[in-house]
Amino acid sequence: MSLKKDKVFDIIVIGTGIAGLNFIDKYLEKNKKINVIAPSINQILKPNIKPTIKILPSQMRGRYANVENYYHANNLKLKSDCKAIGSLSFGGLSSYWGLQMDSYINNDQKNLKKKNIQSIKKYFIEFLKKNNLLGIAKFGKKQTYTNDFNIPEELKNLNKIKDKEFECKKPIIAFMGKKYFDGDLNRVNEKKQKLTAENFYKKIKKKKDIIFNNFYLQKINQKKNLIELVCVKNNKKKKFLVKKIVLATGTIATTKFLMEFLNIKKEIKIKHHPRLLSVFLSKIKFNYNLDFTPSLMQIISKSTRDYFTADIRPGNKLITKSIIEAFPFLRPFKFLINFLRNRLIFSNILLDSSYSNLYLRKKNDKYDLYSKNKDLKSALKMRNKRIFNFLFKRKIIFPLFTTFYPGNAADYHYFGSIPFKNKGKLAVNNNCQLLSSRNIYVIDGSVFDFRTNKYPLGIVAANARRIAKQLS
């Protein structure tokens, strides 16, 4: 068929993570329908899979096929020194991760205008209110949102302490609270109330006309003043012509699509937060019965040069089960580990984005995803020692801890490869339009540099709502 006779769509959203669905939700307030391209959760692309990554995070246990499908569909080759994870299914990683988010928004984005930062704050509060998320949000000294949850008094007192090194804040927890929430996390229904893409979609689909096209995107082409999307389902290709596309496929996939679209052959750095998992023995007994208890407190460095963060997460069933699966020699001690579970504190130590060690580059017909020879483990352990001293000094923990380094780039927050700039091919303007093609908008974490914000899901969702408002 000729280009003129092909059906031309006005706008197509690609991806059904929290960013894509928030764009859809906001866009449809002023429009009747929208088309979306995303694979169904059951689409298996590559049979006889041997897992590339041996240890997945607790929430992703049993999802090896999704992870391997992700590499296969996006034509990615994961090098042996790199443990980056994707998930080709409805909602991507947000279905498993994203239990908490920062309750503050800073100005890490040097090229994002003040009015746009204020707009993101506005839609951040809208996002919290829409979903009744648990926690408190403040901008400056002004409290702008509250749906508070209870935590042990000993932890609550941490955010009242005046310390030279650290400040402590309660995160926003990504559970959609009931209208009259009494603060007891044990009353949360984890399956129904967790803010996954699937649960968010269930909430908005009743009122919205969302047309799903069960394909995964293979390639983007420019066709005169239109965009051609080459998509695949069951090894069969289909092409869509569209005036505007909104990319919400996650940073790694989005970066790869645009590198191919723009014929970029040089190495591209993808920013992230290198992570170390710590386990402390608590003096406090945590009485939580959730399968996966979220973080109750964030411990944030005050240093202007070293923005690292730790969280405090009580021991829970999923993590202890994952420990035993990852380290089979601990199986004889399963009873003891579960007995001590209520006395364990798990913590993610997250470095700022200047320590990023993840790269993408085209090599032959594939895209290599790799890390370089950096000693991040010792840098993380050094900061963990400071968190240990902070908690031990406050009599929160006993003088015992252990650590586990999951590997280079195994931290699941990928961002910053397509930044807000005034020039360059792989960059966007303040309206998230790709500078080198005004047909393409990018609304996932690719556009941000989350140096201070270590749990940025809410900011990404808020920005997606901001762009949807503009385009609608």
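In helix 7, the buried residues are Thr-251, Ile-252, Ala-253, Thr-254, Thr-255, Lys-256, Phe-257, Leu-258, Met-259 and Phe-261. Buried means under 20% relative accessible area, exposed over 50%, and partly exposed in between (1.4 Å probe, protein chains only). The model is predicted: local features need pLDDT of at least 70, side-chain atom pairs count only at pLDDT 80 or more, and totals for chains, interfaces and linings use all residues. Residues are numbered from 1 along each chain as its sequence is written, and side-chain values use heavy atoms, with hydrogens and water left out.

**Helix 7**

- Helices (H or I, at least four residues) and strands (E, at least two) are DSSP runs, numbered from the N terminus.
- Helix 7 is mostly covered, with 10 of its 11 residues buried.

- Four strands form an open sheet in the order 3-20-19-13, with mixed pairing.
- Strand 3 (76–78) and strand 13 (268–269) are the edge strands, and each pairs on one side only.
- Helix 7 (residues 251–261) packs on this sheet and touches strand 3, strand 13, strand 19 (359–363) and strand 20. The direction of helix 7 makes about 40° with that of strand 19.
- Contact means heavy atoms within 4.5 Å. Axes are lines fitted to C-alpha atoms, for helices over the stretch in contact, and angles run from 0 to 180 degrees between N-to-C directions.
- Two strands pair if DSSP finds at least two bridges between them.
- Strand 3 and strand 20 (residues 366–370) run parallel, joined by three bridges. Lys-77 has Asp-368 in strand 20 as its bridge partner, and Leu-78 stands opposite Leu-369 in strand 20.
- Strand 19 and strand 20 run antiparallel, joined by five bridges. Lys-362 has Tyr-367 in strand 20 as its bridge partner.
- Two residues lie between strand 19 and strand 20 in a hairpin. In the turn, Asn-364 has a positive phi of about 60°.
- Strand 20 is mostly covered: four of its five residues are buried.

**Helix 1 against helix 3**

- Helix 1 (residues 18–27) packs with helix 3 (residues 114–131) at an angle of about 90°, and their axes are 13 Å apart.
- The two helices, helix 1 and helix 3, are therefore roughly perpendicular to each other (65 to 115 degrees; under 35 counts as roughly parallel, over 145 as roughly antiparallel, the rest as oblique).
- From helix 1, Ile-18, Asn-22, Asp-25 and Lys-26 meet Tyr-123, Glu-126, Phe-127 and Lys-130 in helix 3.
- The residues of this contact divide into three nonpolar, one polar and four charged.

**Nonpolar cores**

- A nonpolar core is a set of buried Ala, Val, Leu, Ile, Met, Phe, Trp, Tyr and Cys residues joined through side-chain atoms within 4.5 Å.
- The largest has 106 residues, and Phe-23, Ile-34, Met-101, Leu-128, Ile-220 and Leu-229 have the most contacts inside it.
- Helix 11 (residues 457–471) gives the most to this core, with nine residues.
- Another core, of 44 residues, lies apart from it and includes Leu-155, Phe-292, Ile-349 and Leu-351.

**Leu-128**

- Leu-128 is found in helix 3. Leu-128 counts as buried because its relative accessibility is 0%.
- Leu-128 touches Met-101, Leu-133, Ala-137, Tyr-145 and Ile-172, not counting residues up to four places away in sequence.
- Between Leu-128 and Ile-268 there are 140 residues in sequence and 34 Å in space, C-alpha to C-alpha.

Conventions. Nonpolar A, V, L, I, M, F, W, Y, C, P; charged D, E, K, R; others polar.
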